[in-house]
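This report examines how parts of one protein chain pack against each other. Please keep the sequence and the structure in view while reading.

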Amino acid sequence: MHVFYTPDIQSHAELPEEEAAHAIRVLRLQTGDEVTLTDGKGNFYRAAISTATNKRCLVNILETSPQAPLWSGHLHIAMAPTKNMDRTEWFAEKATEIGFDELTFLNCRFSERKIIKTERIAKILVSAIKQSLKARLPRLNEMTDFNKFISQSFNGRKFIAHCYEGEKPLLKDIVRKGEDALVLIGPEGDFSEEEVKKAIENGFEPISLGRSRLRTETAALVACHILNLQNQ
């Protein structure tokens, strides 16, 4: 099944230019062919192509199918992007396949990447919801300074995963189903001790993701998977 991302389909019955090109030039779809669309806001649509040219693909909506939420709570991962962008992109794709709601990139003291262009990540998120048949597109935020981010309000449990000594319960043991949850994942060099201290002062709970030593993108994916499974 080919799914096309059409965020404005309710007000504009036409595929975006890039999606139209894929439908018409690559898949060779024609007038009358049926397609599946998603608006990324919780709905799938069964539609028929009404006009197909080299640059445009107009459709008629035949049926609207809201997708029930696949997990409860609002699941938010905030991570320092990796130096190798391929690893951050890998996380974005796999986390979307698993299922989460929001992604924020953090600029931390030991971050190896201080600037990130989110356009590429945004395309990966869109591709992943289509591939995994999800009707909701995760929210993607621009890079935010760590200290600024932890001072923002969040209606739910807040966790920070770090490698320093101290009492750190397993995330899987303290996440409660239906509760909004935010997990901070640091850079390869970990959060600084001062960042951990400030996070705790701002209501973040230190947690462990298990006994294994994990790379940044692996830790973020493990956290995402735990949150998702606990909210099934």
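## Packing of helices H2 and H7

In this predicted model, helices H2 and H7 pack with their axes 9 Å apart and at an angle of about 10°. Because angles under 35 degrees count as roughly parallel, H2 is roughly parallel to H7.

On the H2 side, the contact is made by Arg 87, Trp 90, Phe 91, Lys 94, Ala 95 and Ile 98. These residues meet Glu 217, Ala 220, Leu 221, Cys 224, His 225 and Asn 228 of H7.

## The nonpolar cores

The largest nonpolar core holds 32 residues, of which Ile 77, Leu 171, Ile 185 and Leu 209 touch the most other members. Several helices each give two or more residues to this core, namely H2 (85–98), H3 (118–131), H5 (171–174) and H7 (216–230). Strands E5 (75–79), E6 (102–107), E9 (157–161) and E10 (181–185) likewise each give two or more. H7 supplies the largest share, with seven residues.

Apart from this core lies another, of 15 residues, including Phe 146, Leu 182, Leu 184 and Ala 199.

Within the largest core, Ile 185 is one of the residues that touch the most other members. Leaving aside residues up to four places away in sequence, Ile 185 touches Ala 78, Met 79, Ala 80, Leu 106, Ala 161, Phe 191, Leu 209, Thr 216, Ala 219, Ala 220 and Ala 223.

## Aromatic pairs

Across the whole structure, two aromatic pairs are found. In the pair of Phe 146 and Phe 191, the ring centres are 5.4 Å apart and the planes stand at 45°, so the pair is tilted.

Phe 146 belongs to helix H4 (residues 146–150), whereas Phe 191 sits in the loop between E10 and helix H6 (193–201). The pair therefore ties together parts that are 45 residues apart in sequence. Both Phe 146 and Phe 191 are buried.

## Surroundings of Ile 129

Ile 129 is located in helix H3. Its relative accessibility is 0%, so Ile 129 counts as buried. With residues up to four places away in sequence left out, Ile 129 touches Tyr 5, Thr 38, Gly 40, Thr 96, Lys 134, Arg 136, Leu 137 and Pro 138.

Ile 129 and Phe 146 are 17 residues apart along the chain, and their C-alpha atoms are separated by 28 Å.

## Helix H1 and Ala 21

Ala 21 is part of helix H1 (residues 17–26). Its relative accessible area is 22%, so Ala 21 is partly exposed. Along the chain, Ala 21 and Thr 53 are 32 residues apart, while 9.1 Å separates their C-alpha atoms.

## Positive phi outside glycine

Arg 28 is a residue other than glycine with a positive phi, near 60°. Arg 28 lies in the loop between H1 and strand E2 (34–38). With a relative accessible area of 62%, Arg 28 is exposed.

Leu 133, also not a glycine, has a positive phi of about 55°. The loop between H3 and strand E7 (139–140) is the place of Leu 133. Here the relative accessibility is 39%, so Leu 133 counts as partly exposed.

Note on methods. Residues are numbered from 1 along each chain as its sequence is written. This is a predicted model: local features need pLDDT of at least 70, side-chain atom pairs count only at pLDDT 80 or more; totals for chains, interfaces and linings use all residues. Side-chain values use heavy atoms; hydrogens and water are left out. A nonpolar core is a set of buried Ala, Val, Leu, Ile, Met, Phe, Trp, Tyr and Cys residues joined through side-chain atoms within 4.5 Å. Buried means under 20% relative accessible area, exposed over 50%, partly exposed in between (1.4 Å probe, protein chains only). Helices (H or I, at least four residues) and strands (E, at least two) are DSSP runs, numbered from the N terminus. Contact means heavy atoms within 4.5 Å. Axes are lines fitted to C-alpha atoms, for helices over the stretch in contact, and angles run from 0 to 180 degrees between N-to-C directions. Angles under 35 degrees count as roughly parallel, over 145 as roughly antiparallel, 65 to 115 as roughly perpendicular and the rest as oblique. Rings of Phe, Tyr and Trp (its six-membered ring) pair if their centres lie within 6.5 Å; planes under 30 degrees apart count as stacked, over 60 as edge-to-face and the rest as tilted.
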